[in-house]
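Welcome, and please open the model in your viewer. We will go from stop to stop, selecting a few residues each time.

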Amino acid sequence: MKLQLYVLRTVATRILGAALILMSILQMLDLLDVTTDILDRGLGLAGVAYYAALRLPRLFEQVAPIAVLAGGLFAFSQLARESAVVAMRASGISGYRIVAMAMPAVIAVMLLDALCGQVLAPRADPTLADWWKNTTPVAERKAPSPRTFRAGGDLVIGGDASADGRQISDLTIFRRDDKGILIEKVETPKALYAHGAWTLETPKTTRFAGDIAQTSTATSTNWPTALRPQDVQGLFGDDSAPTAASARRALENGGSDRPESFYATHFQAAFASPFVSLVMLLLSAPVALANFRSGQGAVLLTAGLGAGLLFLVANGMLTALGESGALSPFLAVWAAPAIFGALAARTFLALEG
């Protein structure tokens, strides 16, 4: 039990240290661009701290895999240099069990990564965007550009949306028949979401039948659509990756402004992303069995770091191919983790003998 706690503590502290260092570097680089603007708006240090806090979920999501790789390499190399691995193996503990001792720390990173990517960041991003827009000086504010997207079979143009995604202003809806011919256009100054449904205020409806166009107005009307406020936040917000829930809704005729392959790929990626940290642990594990006196340790350290970076590049390239539809979404997301995980396991098995 003491050995297990020692290995776990060593790996956990190294991963935590790497994550804090990487997040600090990214945070400083980010703040270099915005601190002057925040102070010019009279928001002071409290505004800087508020901005930094809302950026934390996205930053952790970015650094989690690299932190596991760097932390694992440092931790396992330390255990090997201290001859702790030799002592454990001499007492009958296999290399597989040593890696298993480090698993709880990586599982914690995986869970936190999933929490940031699927829950915290999607909520923090719209809050940050709304705060930034509302604190922009009036003279520097720019009119929002209209957004075009699909909501089921409807083509929609929206002028702007509220931060919570429950209101869309200057909305125009185009409806087509099964042949793609325009049959109806609905214009409304405001669409509101309440009690699980959208309501169009004072809509103006124009129906087309051949060369005839008939126009009618109403006080309000319902808009039957699968669009949800979370979808609106993503459609009108910054270009961020959709969550598993929003990608699933887009595939089920919810709001979308990208090809179907884009949402199918990100739906798979939402489940695969946390496992990237597990692959990073496997890539760093061979260092634990290295002989540093013969120079093998330096070789495996360099190889592990290079393999981890190559894995990130390959994973990003395959994901881009999946988004464009050039590759199956399942293969685009899972191929790189499977291949690099298998290569890492094969290397570890060879060293274990």
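Helices, of at least four residues, and strands, of at least two, are DSSP runs numbered from the N terminus. Keep in mind that this model is predicted.

**Stop 1: the largest pocket**

Select Ala 129, Gln 233, Phe 236, Gly 237 and Asp 238. Of the 50 residues that line the largest pocket, these five are the closest to its centre. The space inside the largest pocket comes to about 1600 Å³.

Now colour the elements around it. At least two lining residues come from each of helix H2 (44–81), helix H4 (95–134), strand S3 (160–161), helix H5 (229–236), helix H6 (244–251) and helix H7 (260–284). Which of them gives the most to the lining of the largest pocket? That is H4, with nine residues. If you colour the lining by class, you will find 19 nonpolar, 13 polar and 18 charged residues.

**Stop 2: the second largest pocket**

Next, select Glu 61, Ala 241, Ala 269, Ser 273 and Asn 315. They are the closest to the centre of the second largest pocket, out of the 25 residues that line it. Its volume is about 700 Å³.

H2, H4 and H7 each supply at least two residues here, and so do helix H8 (296–324) and helix H9 (329–352). The top contributor to this lining is H7, with seven residues. The classes in the lining of the second largest pocket are 13 nonpolar, eight polar and four charged.

**Stop 3: H8 against H9**

Show H8 and H9 on their own. Their axes come within 7 Å and cross at roughly 165 degrees. Angles over 145 degrees count as roughly antiparallel, and H8 and H9 are therefore roughly antiparallel to each other. Their crossing is right-handed.

**Stop 4: H4 against H7**

Switch to H4 and H7. The two axes cross at roughly 150 degrees and come within 9 Å. That angle makes H4 roughly antiparallel to H7. Here, too, the crossing is right-handed.

In H4, pick out Met 103, Val 106, Met 110 and Asp 113, which are among the contact residues. Their partners in H7 include Ser 273, Pro 274, Phe 275 and Leu 278. By class, the contact of H4 with H7 has 12 nonpolar, three polar and one charged residues.

**Stop 5: H1 against H4**

H1 and H4 pack at an angle of about 20 degrees, with axes 9 Å apart. Are they roughly parallel or roughly antiparallel to each other? Angles under 35 degrees count as roughly parallel, and H1 and H4 are therefore roughly parallel. The crossing of H1 and H4 is right-handed.

Select Leu 3, Val 7, Val 11, Ile 15 and Ile 38, which are among the H1 residues in this contact. Across from H1, the H4 residues include Ile 98, Met 101, Pro 104, Trp 131 and Trp 132. The contact of H1 with H4 divides into 17 nonpolar, one polar and one charged residues. Val 106 of H4 is part of this contact, and Val 106 also takes part in the contact of H4 with H7.

Note on methods. Residues numbered from 1 in each chain as written. Predicted model: local features only at pLDDT ≥ 70, side-chain atom pairs only at ≥ 80, totals over all residues. Heavy atoms only, no water. 1 Å grid on protein atoms, 1.4 Å probe; cavity = no way out; pocket = protein on both sides within 12 Å on 5 of 7 lines; lining within 4 Å. Points joined across faces, edges and corners; volume = space filled by probe spheres on them. Nonpolar A, V, L, I, M, F, W, Y, C, P; charged D, E, K, R; others polar. Axes fitted to C-alpha atoms, helices over the stretch in contact; angles between N-to-C directions. Parallel < 35°, antiparallel > 145°, perpendicular 65-115°, else oblique. Left-handed = near helix turned anticlockwise from the far one by under 90°. Contact = heavy atoms within 4.5 Å.
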